[in-house]
Amino acid sequence: MISVDEHRAAVTELLGMRPVVHRPTAECAGLVLAHDVRAGVSLPPFDNSAMDGYAVRAADVADAGPDAPVELPVSADIPAGRTDIPDLRPGSAHRIMTGAPMPPGADSVVMVERTDGGTERVRIFARAETGAHIRRTGEDVPEGSTALRAGTVLGPAHLGLASAVGQDRLAVYDPPTVLVVSTGTELVLPPDELRYGQIYESNGVMLHAALTALGCRVETVRSVADDVAAFRAAVEPRLDEVDLVVTSGGVSAGAYEVVKDALTEVGVRFTRVAVQPGGPQGRGRWNGVPVVTLPGNPVSVLVSFEAFLRPALLSALGHTHVDRHRVRARLTETLSSPGGKRQFRRGHYTPGEPGGAQVTGVVGPRGGPGSHLLAAFTQANCLIVLPEDVTRAPEGEEVDVLLL
Ligand code: AMP
Ligand code: MG
């Protein structure tokens, strides 16, 4: 039996680092930037107006007030996007819109609300501070500076900034194409009718969703019988199109363990991991393609994904934080756990009601330890971690909680 940490390290090593690709900027959300992004332009690229109003010389409106308007001729109209910007002569105003370039000669903007909005001549009812309502070249990002650093997890703001400095593509770690294979002669795909002894397939759907959420492309073999020849025939021809194979079922200690039977001879290593649920695990390569074999019970699949696959994939995709956020919480119920194994219980965490320096809330289990209790998982928002040396965690005890 190997430890949770050993298996996680083995899967992480198996997956390695993904190659860097250049993807359209808008398609990089959630991915990690592989190279720094240098600003090809300043932001803003030119001095521009922060308001709809009038570009003026502050000196020309120095005497303006609510009861003493200053009237100026309007000698140009500058909407956003105008590129030929006439100079402002002293004693005149240019009508200007938000984002339009400041005309040479103007040193401030009076917002339209402080004027009568005139187009030939304008009456201005307020003085202007020099520099008022002007957005200066480069005050957000100077040209040539580093706009985004390698290692950044790209969200909407990062992608917007990348585009704002002129990047139509970004260097990111390429998410793998994953083939998800669900094994079991008992499996039927909804909505086909179930006969006695059969069940609807669910692992493939869960893995598809969990992998897609990390940015992976997912292909599926939704149901393959517990027959070595059938398993080989369904999967082997697809190996050269995918970067990773994830199977569920067929790896434990019974008979008809199709994944174990088919892949032991190609060199996949099957082990027991000191974890509950999800003890039977395997990893290795098949025709050079990484294969991770998960047990069949649905809760085991999801816990294995959290414990092994998710951190390994995040690491392969360049993330430095690969763990779920971990907090300390006080148990609302007594829990028991098998000695020598790390137990992950589905729980519901509620922040607040602390009672200790590190304790941030309370947590109670959802469902028992049974690895078939999928409905209870839907009530959970965390995993309660009971370490290998714990066999009983009494109500009121502080435990580690991984927020999902
Ligand atoms: P196994 O590891 O193949 O013995 O499967 C363990 C349990 O998980 C059995 O009760 C299977 O019926 C169930 N199981 C395996 N694969 C799936 C699947 N894809 N969807 C739902 N249940 C499954
Ligand atoms: Mg099976």
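A nonpolar core, as I use the term, is a set of buried Ala, Val, Leu, Ile, Met, Phe, Trp, Tyr and Cys residues joined through side-chain atoms within 4.5 Å. Buried here means under 20% relative accessible area, exposed means over 50%, and partly exposed lies in between, with a 1.4 Å probe and protein chains only.

The structure is a predicted model, in which local features need pLDDT of at least 70 and side-chain atom pairs count only at pLDDT 80 or more, while totals for chains, interfaces and linings use all residues. Residues are numbered from 1 along each chain as its sequence is written, chains are lettered from A and ligands numbered from 1 in the order in which they are written, and side-chain values use heavy atoms, with hydrogens and water left out.

I begin with the division of the chain. An automatic or database domain assignment supplies the bounds: domain 1 (4-18 + 175-316), domain 2 (21-40 + 145-173), domain 3 (48-135) and domain 4 (326-403). The centres of domain 3 and domain 4, taken over C-alpha atoms, are separated by 63 Å.

The largest nonpolar core has 39 residues, and L15, L211, L309 and L313 touch the most other members. Two or more residues each come from α1 (4-15), β12 (177-183), α3 (203-213), β16 (244-248), β20 (289-294), α6 (298-316) and β25 (382-386). These elements are DSSP runs numbered from the N terminus, helices being H or I of at least four residues and strands E of at least two. Helix α6 gives the largest share of this core, 12 residues. Domain 1 and domain 4 each contribute at least three residues to this core.

With contact meaning heavy atoms within 4.5 Å, L309 touches V11, L15, L244, V246, V292, L294 and S304, leaving aside residues up to four places away in sequence. Another core, of 19 residues, lies apart from the largest one and has V181, V242, F270 and V291 among its members.

I turn to the sheet. Six strands form an open sheet in the order β15-β12-β16-β20-β19-β17, with mixed pairing; two strands pair if DSSP finds at least two bridges between them. Because β15 (217-224) and β17 (269-272) each have a single partner strand, one side of each is left without a neighbour in the sheet. On average, neighbouring strands are turned by 15° against each other, direction ignored. Strand β19 (residues 280-286) pairs with β20 in the antiparallel sense over 5 bridges, and W286 has V289 in β20 as its bridge partner. Helix α1 lies across β16, β17, β19 and β20, at about 20° to β19. For such angles, axes are lines fitted to C-alpha atoms, for helices over the stretch in contact, and values run from 0 to 180 degrees between N-to-C directions.

Finally, the charged pairs. A salt bridge is a side-chain nitrogen of Lys or Arg within 4 Å of a carboxyl oxygen of Asp or Glu, and the whole structure holds 22 salt bridges. Where in the chain do the partners E388 and R342 lie? E388 is in the loop between β25 and β26 (392-393), and R342 is in strand β23 (residues 342-351), 46 residues apart. Their N to O distance is 3.0 Å. R342 counts as buried at 16% relative accessibility, whereas E388 is partly exposed at 26%. Salt bridges that share partners also join R326, R328, R330, E398 and D400 into one network.
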